[in-house]
Amino acid sequence: ANTSDYVTSNTPGDIDLYDVDDLNVIPDTVYAIQTNVVAKKDNVATRTIKPVILSNVTTVEGSEYSLLTEYTSTSMILEQDPDVNDSWTEESINALKIGFKIEQ
């Protein structure tokens, strides 16, 4: 894992969201989008996080998972755009933000 670029927080409720690059290829159909989170804790305290996707004004949080002292990953897949409860479009994918939320 590249550890030269990272974010850190110990504050439950903190959310860190990132823009994503626009699609290079426009598919005929988008069946789902997936975001991955790779993280670890740096102390002995219990730490949990959730993946987060923001589509327009609608935020979706994935399942909570416990961090370990080594890097582990989790992902979240959404088959429909939660902002409109319909298929993903090029515009909605290009505008979404992805990240994570500190739970504990």
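**Salt bridges and surface charge**

At 60% relative accessibility, aspartate 19 counts as exposed (exposed means over 50% relative accessible area, buried under 20%, and partly exposed in between, with a 1.4 Å probe and protein chains only). This is a predicted model in which local features need pLDDT of at least 70 and side-chain atom pairs count only at pLDDT 80 or more, while totals for chains, interfaces and linings use all residues. Residues are numbered from 1 along each chain as its sequence is written, and side-chain values use heavy atoms, leaving out hydrogens and water.

**Salt bridges**

- The structure holds 5 salt bridges, each a side-chain nitrogen of Lys or Arg within 4 Å of a carboxyl oxygen of Asp or Glu.
- Aspartate 19 and lysine 97 form one of them, at 2.4 Å from N to O.
- Lysine 97 lies in strand β7 (residues 97–102) and aspartate 19 in strand β1, so this pair ties together parts 78 residues apart in sequence; strands are DSSP runs of E, at least two residues, and helices runs of H or I, at least four.
- Lysine 97 is partly exposed, at 29% relative accessible area.

**The network around glutamate 61**

- Salt bridges link Lys50, Glu61, Lys101 and Glu103 in a network.
- Glutamate 61 pairs with lysine 50, their closest N and O atoms being 3.3 Å apart, and with lysine 101, where that separation is 3.1 Å.
- Glutamate 61 is partly exposed at 32%, whereas lysine 50 is buried at 16% and lysine 101 is buried at 17%.

**Other positions**

- Glutamate 90 is in helix α1 (residues 90–95) and is partly exposed, with a relative accessible area of 32%.
- Tyrosine 6 lies in the segment before β1 (15–19) and is exposed at 62%.
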